Amino acid sequence: MSVLVLAVLIVAADRATKEIALRKLAFGRRALGFLRVVVNKRPLLARGASLRVLVMLWVTAVACAVGALMCAPALRENALVAAGVAAALAGASGNLGDRLVRGAVVDFMAIGRWPVFNLADVAILAGAAVAGASLI
């Protein structure tokens, strides 16, 4: 599976799970003990960010990722590193898409005292972990 297909699948799964959560779960109320919808409107940056700044950050991140995929031997030679980077960027794109469309990120999984999160957050963390562990 190419890293592009992986990234598209992650973004699609993130969008689908957020839509299901918004339609099926009541805001703030727990379902099944670990599901609840929270719309996080906290600022992306310390003082908040305009739409222009968010788009510029996303374009910069994508440009860096494309450059890394084209130039870095570790990404070309190690499929796990490439998949990890793709997963992390797909997760970041999913959350950025929420901010651009809704003005906030939709989170719906709550486990214990852990902050509420979503599938995009899982992809970011897991992707970074896989990429980092694959370089060792």
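Colleague: Where does Gly97 sit?
Modeller: Gly97 is in helix H4. Helices here are DSSP runs of H or I with at least four residues, strands are E runs of at least two, and both are numbered from the N terminus.

Colleague: Is Gly97 buried or exposed, or partly exposed?
Modeller: Gly97 is partly exposed, because its relative accessibility is 22%. The cut-offs: buried is under 20% relative accessible area, exposed is over 50%, and partly exposed lies in between, with a 1.4 Å probe and protein chains only.

Colleague: How far is Gly97 from Val55?
Modeller: Their C-alpha atoms are 9.9 Å apart, and the two are 42 residues apart in sequence.

Colleague: Before going on, what are the ground rules?
Modeller: This is a predicted model: local features need pLDDT of at least 70 and side-chain atom pairs count only at pLDDT 80 or more, while totals for chains, interfaces and linings use all residues. Residues are numbered from 1 along each chain as its sequence is written, and side-chain values use heavy atoms, with hydrogens and water left out.

Colleague: Fine. What is the secondary structure of the chain?
Modeller: Five helices and two strands. Along the sequence the pattern reads α-β-α-α-α-β-α.

Colleague: And how much counts as buried?
Modeller: 29% of the 136 residues.

Colleague: Back to Val55. Which residues form the nonpolar patch on the surface?
Modeller: Leu51, Val55, Trp58, Val59, Val62, Val66, Leu100 and Val101. Together they have about 670 Å² of accessible area. Two elements give two or more residues each: helix H2 (51-71) and helix H4 (79-102). H2 has the largest share, with six residues.

Colleague: How is a patch defined?
Modeller: Its residues have over 30% relative accessible area and no salt bridge. Like charges are joined within 9 Å, and nonpolar side chains (Val, Leu, Ile, Met, Phe, Trp, Tyr) within 5 Å. The areas come from the Shrake-Rupley method with a 1.4 Å probe, and for residues only the protein chains shown count as cover.

Colleague: What about Leu51, buried or exposed?
Modeller: Leu51 belongs to helix H2. Leu51 counts as exposed because its relative accessibility is 51%.

Colleague: Switching to charges. How many salt bridges?
Modeller: Seven. The rule is a side-chain nitrogen of Lys or Arg within 4 Å of a carboxyl oxygen of Asp or Glu. Side chains of opposite charge can pair when their charged atoms come close.

Colleague: What's the N to O distance for Asp14 and Lys18?
Modeller: 2.9 Å, in a salt bridge between the side chains. Asp14 and Lys18 are about one helical turn apart, because they are four residues apart in helix H1 (residues 3-24). Both Asp14 and Lys18 are buried.

Colleague: And Arg15 with Glu19? What is the distance there?
Modeller: That salt bridge is 3.7 Å, N to O. Arg15 and Glu19 are also four residues apart in H1, about one turn of the helix. Arg15 is partly exposed, with a relative accessible area of 26%. Glu19 is partly exposed too, at 26% relative accessibility.

Colleague: What does Glu19 pair with in H4?
Modeller: Arg102. Their closest N and O atoms are 2.4 Å apart. Glu19 is in H1 and Arg102 in H4, so the pair ties together parts 83 residues apart in sequence. Arg102 counts as partly exposed, at 27% relative accessibility.

Colleague: Which residues do shared partners join into one network?
Modeller: Asp14, Arg15, Lys18, Glu19, Arg23, Asp98 and Arg102, all through salt bridges.

Colleague: How do the axes of H1 and H4 cross?
Modeller: They come within 8 Å and cross at roughly 40°. H1 and H4 are therefore oblique to each other. Axes are lines fitted to C-alpha atoms, for helices over the stretch in contact, and angles run from 0 to 180 degrees between N-to-C directions. Under 35 degrees is roughly parallel, over 145 roughly antiparallel, 65 to 115 roughly perpendicular, and the rest oblique.

Colleague: And H4 with H5, at what angle?
Modeller: About 160°, with the axes 7 Å apart; H5 covers residues 119-135. H4 and H5 are therefore roughly antiparallel.
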